[in-house]
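Please keep the sequence and the structure at hand while reading.

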Amino acid sequence: MKYFMVSFAFTIFCNASYSNNSKLKICLTGSTEKAIPKYGEAFINGAKLALSELKPSERLKVEYEVFYYESNPLAPVEKLNEMRKSNCDAIIGFSTGNDLLSIEEGLKLDPILTISIYGDPSATFSSTKYLRTMQPSAYDLVNSLFEKLPFKIKENSKVLIITAIDRTEMVAYREAYLSHFKKITSNIQSIDVIEQTHDLSNLNNLLSQNNSWDYVVILARSLVAADASDLVHKKFMPIIFGTKYYGSSDLPAFYNFLKNKNVTAYFPRQNCSCDDSPEFLQFKKNYVKEFSVDPMSISADCYDATKFILKSLQLKQYNRKNIINFANSNNAAFLGISSFKVDKNFTTSSQKRFLIKVDHAGYSEVK
């Protein structure tokens, strides 16, 4: 262990020695972005648009590099090490809460300012000076869903909650949904599935008993959620509730994976390309002018994350320590077009909430 710590410290020293303090290096990373090229392109374009808005003299001070990785437990840590060796001053990306948990210890040993777009929040992240996610908590999102639902859930409705127990963010969603449903009904049943191995045996066993429910909450990412929905709809027609991982009209992942698209599902998001605010519409206009295609939600998020990091160009030297210190200073206050907000002490939040409905016609916003 002593040898490891000495070796690790030497690596940090070498990297710091050869870093270029006259240039700000922003690194983009993620797994979903690699798996779906259109999504990855929209992600990178958000950063490109932010960079294009710099003055020519400022643009010369910035570079970016892309570090995508496979969707497996070890890949985020390996990619973090690559970005460290490449002298990244700040990172935008990491696709899930599990990804953030896997890199947490590495960032603690050698911090790099890291902003995740879709990774779920954790109290341990917000207690650091260097790691944040643009996502609200599961409780905040689920609370907005219950506030915006276009119907009232009847007392004593029957509810089934299906949770991908191997994903930390889904466990958080389960607690959020339970806190609301328990105020309405006691007829709640909960089962676990395993997303990594696509194990839906518990659901199959339960459905073989010919039970039915009014509402089925499926807490898994899009592929497993769609398969669970198809199994449920072979037996009955409940209303489905889900999570941001069901996608969007830009990337209708849940809908695309469904075999039986005759569903009614609702899920909450903090961002949406359906946003009709003046600032978002101006961003959309600029994006289309630059890339001749409409932006995705992730484009706006990456644009905002990049714009926030670019505020540090007012510094005289660009290195990891200086970027982190700047993010935690009063000079870093920021409000983006996607609803991403930064206050003093690197306190982050998002200001908007959207309720999305999925049915046979696809995705639409519930207003």
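The structure described here is a predicted model. Its largest pocket has a volume of about 940 Å³, and helix α14 takes part both in the lining of that pocket and in a crossing with helix α3.

**The largest pocket**
- Of the 40 residues that line the largest pocket, T32, S71, T96, R221 and Y245 are the closest to its centre.
- The elements that contribute two or more residues to this lining are α2 (32-35), α6 (97-109), α11 (222-233), α12 (253-257) and α14, and of these α2 gives the most, with four residues.
- Sorted by class, the lining of the largest pocket comprises 15 nonpolar, 14 polar and eleven charged residues.

**The crossing of α3 and α14**
- Helix α3 (residues 37-52) and helix α14 (residues 297-310) have axes that come within 7 Å and cross at roughly 35 degrees, and the crossing is right-handed.
- On the α3 side the contact is made by Y39, A42, F43, G46, A47, L49, A50 and L51, while α14 supplies I298, S299, C302, Y303, T306, K307 and L310.
- The residues of this contact divide into eleven nonpolar, three polar and one charged.

- Strand β12 (residues 340-343) is joined to β11 by two bridges, the two strands running antiparallel, and F334 stands opposite V342 in β12.

Definitions and conventions
Residues are numbered from 1 along each chain as its sequence is written. This is a predicted model: local features need pLDDT of at least 70, side-chain atom pairs count only at pLDDT 80 or more; totals for chains, interfaces and linings use all residues. Side-chain values use heavy atoms; hydrogens and water are left out. Two strands pair if DSSP finds at least two bridges between them. Axes are lines fitted to C-alpha atoms, for helices over the stretch in contact, and angles run from 0 to 180 degrees between N-to-C directions. A crossing is left-handed if the near helix is turned anticlockwise from the far one by less than a right angle, and right-handed if clockwise. Contact means heavy atoms within 4.5 Å. Ala, Val, Leu, Ile, Met, Phe, Trp, Tyr, Cys and Pro count as nonpolar, Asp, Glu, Lys and Arg as charged, and the others, Gly among them, as polar. On a 1 Å grid over the protein atoms alone, a cavity is a set of points where a 1.4 Å probe fits but cannot get out, and a pocket is an open set with protein on both sides within 12 Å along at least five of seven lines; lining residues have an atom within 4 Å of a point. Grid points are joined across faces, edges and corners, and a volume is the space filled by probe spheres set on the points.
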